[in-house]
Amino acid sequence: MASSSLFNKSVTSLSGIGAKRAELFNKLGIKSIADLVYFYPRTYEDWSVVTKIENLEFGENACIKAVLATPVESICISGGRILSKTTVYDDTSTINIVFFNNRYIGNMLSVGKEYYFYGRVTYENYGAVIISPTFAPVESGVKIRPIYRQTAGLPSKSIEKAVENALKLLPDVVKDSFPEQVRRTFGLCGLKEALLNIHFPSSHEMLEAAKKRLVTEELVVLNLGMRNLKNNNRGECGVKITTDYSEDFEKFLPFKLTNAQKRAVSDCINDITQSNAPMNRLVQGDVGSGKTAVAVSVSYTVVKNGFQAAFMAPTEILARQHYDTFCKLFENTHINVGILTGALKESEKKKIRQQIADGELDLIIGTHALITDKTDFKNLGLAITDEQHRFGVAQRARLLSKGDNPHLLVMSATPIPRTLGLIIFGDLDISIIDELPPSRKPVKTVRFFSNQRSRGYKFIRSEVEAGRQAYIVCPLVEDGELEDVVSVEHYAQELMANVFPDIPVGLVHGHMKADEKEEVMHRFVTGEISVLVATTVIEVGVDVPNASVIMIENAERFGLSQLHQLRGRVGRGSEQSYCILVSDKDNQMTKERLDVMCSTNDGFKIADEDLRMRGPGDFFGERQHGLPQMAIADFADTKSIELSQKIADYILFAYKDLRNDELRILNSEINRLFDNGGHNIMN
Ligand code: ADP
Ligand code: MG
């Protein structure tokens with residue numbers, strides 16, 4: 001019988017997988033045999049319905065059962081490619097089959113033998129043809145075939161073979177994460193049955209049952225894990241805040257808080273002064289609604305009561321910007337503001353950490369550096385995460401663990417659909433800032449084709465000449481290819497040399513060193529740079545109210561919510577601001593999406609449209625929610641989410657405590673999901 005250690009052994013222990021192949025598996029995130037078992041198919045080919053050749057429809061995927069009539073004939077065609085061709089027949093008709101660049105195909109197919117062929121039927125000048133179908137001899141008994149996410153050099157078929165071998169290692173009885181009572185009550189099949197059938201379904205019914213079981217389990221695990229996080233944090237709060245200083249704080253602000261901001265502040269103050277439980281509050285508000293001021297006000301009260309406050313931001317740029325703002329705000333007070341980011345020199349970090357531990361610093365702004373083991377607080381009273389969707393729930397929990405059950409304030413501009421909100425923010429109370437500061441004018445948005453770009457440049461020039469500043473954003477994923485970096489650098493050089501030779505232009509992208517980025521941003525903030533060419537590093541939170549134009553290149557490459565975030569970089573002052581979306585894509589989808597951007601400034605409406613047009617897969621694919629990655633569950637699947645909530649309730653009711661022995665496997669799955677541990681179904 002296989003042991004747990006075997007299950008967690010490297011894939012190289014399977015036959016046919018050497019070090020080189022293992023690297024390819026690694027690329028797909030598969031290291032162990034367990035990883036293979038949990039690497040679910042992307043989709044399936046249905047070989048269970050066989051179509052007669054005479055009934056084939058052009059353009060459709062179909063499975064035929066046919067005999068090879070002629071030997072495979074291979075010829076060289078243009079570009080050094082090899083074309084292999086054969087003809088097959090069933091009892092109704094014949095059809096051609098063609099393969100490209102597979103020099104071994106002749107050895108794999110024999111005349112007179114019967115095979116299943118699965119593929120798309122097309123029409124070429126020599127007649128109907130199936131191009132590069134998958135195939136198997138009829139005696140293989142295949143019904144529904146798994147198709148896996150593949151990578152160059154590692155086709156789905158090889159993965160299928162490896163999974164098949166891995167599944168053979170499962171013991172007769174695997175430890176099931178759901179106790180039998182739960183499975184029976186909710187009509188869920190066993191884990192082993194589910195794992196076998198998700199890869200190699202014996203029928204459509206079994207596939208559905210397997211999916212239901214695995215999806216439900218994943219969501220239940222997520223659900224219980226989220227509740228766990230909340231409970232861990234819901235003990236007695238070690239932070240006693242007695243006096244409300246929020247009115248006192250307003251004198252520091254150069255503006256008056258909006259009513260919505262005031263409401264959010266007073267929600268927080270109520271939480272922290274009136275109960276023994278720690279605050280768990282989300283402040284949600286569209287870009288530019290002024291969430292920062294709310295957070296600082298609450299920090300002020302916490303600090304004046306003798307505790308420290310930590311403010312965690314997702315990027316260096318944002319942390320630095322908050323730091324500058326808070327320093328200025330508290331210039332003439334006894335409040336000591338500090339910053340801790342990964343970019344600081346080791347010696348500086350050490351010094352700051354000492355000051356945090358000694359309690360010399362009251363308000364500490366930082367990036368992930370705040371939650372490393374090395375950072376200890378003297379008496380953390382309030383933990384704030386800005387742009388919450390950029391953090392995982394586990395990171396949020398880690399920040400909280402730095403204090404004695406401190407208060408938590410999370411801020412987000414990303415609107416989340418209701419069902420998903422139930423899971424993500426199930427553990428949070430919510431304040432919504434539904435009002436923008438006065439004198440804001442909605443950003444005017446236009447769509448340009450690239451042949452109108454020079455008009456865009458001309459407009460930018462006129463704004464700069466009127467004393468304002470501009471962003472030009474180029475699409476570049478931050479962990480993107482070097483080519484992209486070259487192209488954005490090239491873009492900036494072109495701009496400096498030929499378009500704005502007389503205007504100070506700066507460039508900032510994610511591949512620059514932190515201090516270089518910071519220097520450029522600083523020069524933009526002070527107005528020394530007028531036009532900033534940037535990648536999406538500026539997408540979150542950056543606040544330069546004097547910027548009045550943002551031009552976004554290849555706008556079709558961004559999600560709508562992301563475009564909205566980018567556009568939120570302008571329109572932060574009282575000047576009329578503009579957003580120019582440049583795109584040459586002319587398809588219906590792009591047109592509709594850019595139309596939405598041009599017609600509304602409402603973040604919630606845009607998120608809804610985004611969801612409607614792109615579908616939940618893409619919307620959540622960007623992982624803009626801070627939840628752990630799901631292997632099979634779909635966050636738009638309301639029915640399953642609701643079922644999982646029922647089951648989670650049932651489990652907590654029936655077993656009282658996740659530490660109950662019957663829940664041992666389920667509990668280890670929860671730990672795995674939140675800590676990235678290994679699957680544990682064999683010990
Ligand atoms: P976000 O909610 O996107 O984080 P910020 O907190 O960065 O927004 O605020 C956006 C801009 O609006 C900042 O320049 C800030 O100083 C300004 N601001 C915030 N609240 C007000 C207000 N009540 N009146 C005027 N300006 C405000
Ligand atoms: Mg912000």
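A residue counts as buried under 20% relative accessible area, as exposed over 50% and as partly exposed in between, using a 1.4 Å probe and protein chains only. Keep that in mind as we look at some rings. This is a predicted model, where local features need pLDDT of at least 70 and side-chain atom pairs count only at pLDDT 80 or more, while totals for chains, interfaces and linings use all residues. Residues are numbered from 1 along each chain as its sequence is written, and side-chain values use heavy atoms, leaving out hydrogens and water.

A pair of aromatic rings is described by the distance of the centres and the angle of the planes. Rings of Phe, Tyr and Trp (its six-membered ring) pair if their centres lie within 6.5 Å; planes under 30 degrees apart are stacked, over 60 edge-to-face, and the rest tilted. The whole structure holds 21 aromatic pairs. Tyrosine 245 sits in the loop between helices H8 and H9 and tyrosine 300 in helix H11, so the pair ties together parts 55 residues apart in sequence. Helices here are DSSP runs (H or I, at least four residues), and strands are E runs of at least two.

Tyrosine 471 and phenylalanine 524 form a tilted pair, with centres 5.1 Å apart and planes at 55 degrees. Strand S18 holds tyrosine 471 and helix H18 holds phenylalanine 524.

| Residue | Relative accessibility | Class |
|---|---|---|
| Tyrosine 245 | 23% | partly exposed |
| Tyrosine 300 | 4% | buried |
| Tyrosine 471 | 0% | buried |
| Phenylalanine 524 | 0% | buried |

Methods. Chains are lettered from A and ligands numbered from 1 in the order in which they are written.
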